[in-house]
Amino acid sequence: MIELFLFLFTGIIGFVTLVLMLRFYKSNPFCNFFLILVISIVSIRFFIHGSYNLGLQTILKPDRGLYSILFLIVVPSSYLYYKNLIFQINTINYKDLKHLIFIVFLFLINSIDGLRNSFIFYFGSFTNFFLILMFLVFYLTLIFKVLSKNIWFQKTILLNKNHFKLIKNWTIYFFTIHVLSSFAVLASLYIEIKSGHILSGKSMAIFLLFFWLFLFFKILISPEILYGLPILNKTLLRFNDSLLEKNEILKPIPNNWILEANGKKIDQDQKLKEKITKNITSYIQQVDKLSLEEHIFRNQKTSQNNIAEKLGVPTSHIVYLFKYHSKISFSEYRMQSRIQDAIELINDGFLNNETFESLAFTTGFSSYNPFFIAFKKITSFSPQDYLKVNKI
């Protein structure tokens, strides 16, 4: 009875972990779609097993071995999670569906009588055992290769050293869970074959339960994994060798405009120059007003076309302005404007009731990651460092 309650408890903890992860899904590179899928499948499996055997439900029956095959989706999903974590790809590629081919094949040959009795299954349940063994070995090898090459034995660390260490420790922990779970599944299948039971991989499920329960608690007590980059950066802040001094202040954003353009560079646009030279000062003032007062760059899609439309001038005039009368490109100007906007919002107490992710979206960034990079690039401080100094 205690074992059944543990299954139910683990499933519930998995659902709690899943809900909290989904809250910060967009801003968290540790938490991509495939990790969500893995946690979902494992949590559902444990919940169904515990609730059914305790008599809490009769609809979903975990004793049907055939449907246990579908839980193998966890294996390729884990590989895709590691791959996307390393290369920071947070979108679903339909080519990834090829990783489901084996699972669909195994499900079909076990569900269709004609296939189940064919030469493919000459050795019966042992054929299933062998196929699943090869499947697990194949993906564990793939995972080991991608992690060892890009994280575990990486000599050149491009990320923050402590950030890199956190990722490395997390992947080692998670991969260990995968290896132990694979051994438990294979041991379960072997025991079920020897005893003549329907193959379901649940004979050693109690060990799987503890492996995943530890994983859920690892995620819950590690905010750098669960809550996304804002908390991750606070964690990293604790490792900093030198803390900010009270008198450190942000470097002001410089004046980026040039009233007199270099004549040598402007020959090809001579005709355009003649038309708008007298309006340059006015254009500069109006663009700065749109940026600083009307906050036009809070719209993620704001372009030079939008600026021209607001000012009621041809787009070529704005292109000319940034090409010959700005020390920086339009994209850099837009980034600086958004960071200036963010600083003003922080100083006005925006973060008293809102999160850093919300600040990023409000100022026009697509997610927290590019906001953090831009803030650090322009001010030399992270948003968390600036907020900390601002509160002192």
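Hi everyone. What we have here is a predicted model, where local features need pLDDT of at least 70 and side-chain atom pairs count only at pLDDT 80 or more, while totals for chains, interfaces and linings use all residues. Residues are numbered from 1 along each chain as its sequence is written, and side-chain values use heavy atoms, with hydrogens and water left out.

Let's start with helix H17, residues 330–347. Helices here are DSSP runs of H or I, at least four residues, numbered from the N terminus.

Now look at Asp 341. Its side chain meets that of Arg 298 in a salt bridge, 2.7 Å from N to O. Asp 341 lies in H17 and Arg 298 in the loop between helices H14 and H15, so the pair ties together parts 43 residues apart in sequence. The rule asks for a side-chain nitrogen of Lys or Arg within 4 Å of a carboxyl oxygen of Asp or Glu, and the count comes to one.

Are these two partners buried or exposed? Asp 341 is buried at 6% relative accessible area, and Arg 298 is partly exposed at 31%. Buried means under 20%, exposed over 50%, and partly exposed in between, with a 1.4 Å probe and protein chains only.

Note on methods
Helices (H or I, at least four residues) and strands (E, at least two) are DSSP runs, numbered from the N terminus. The expected span of a helix is 1.5 Å times one less than its number of residues.
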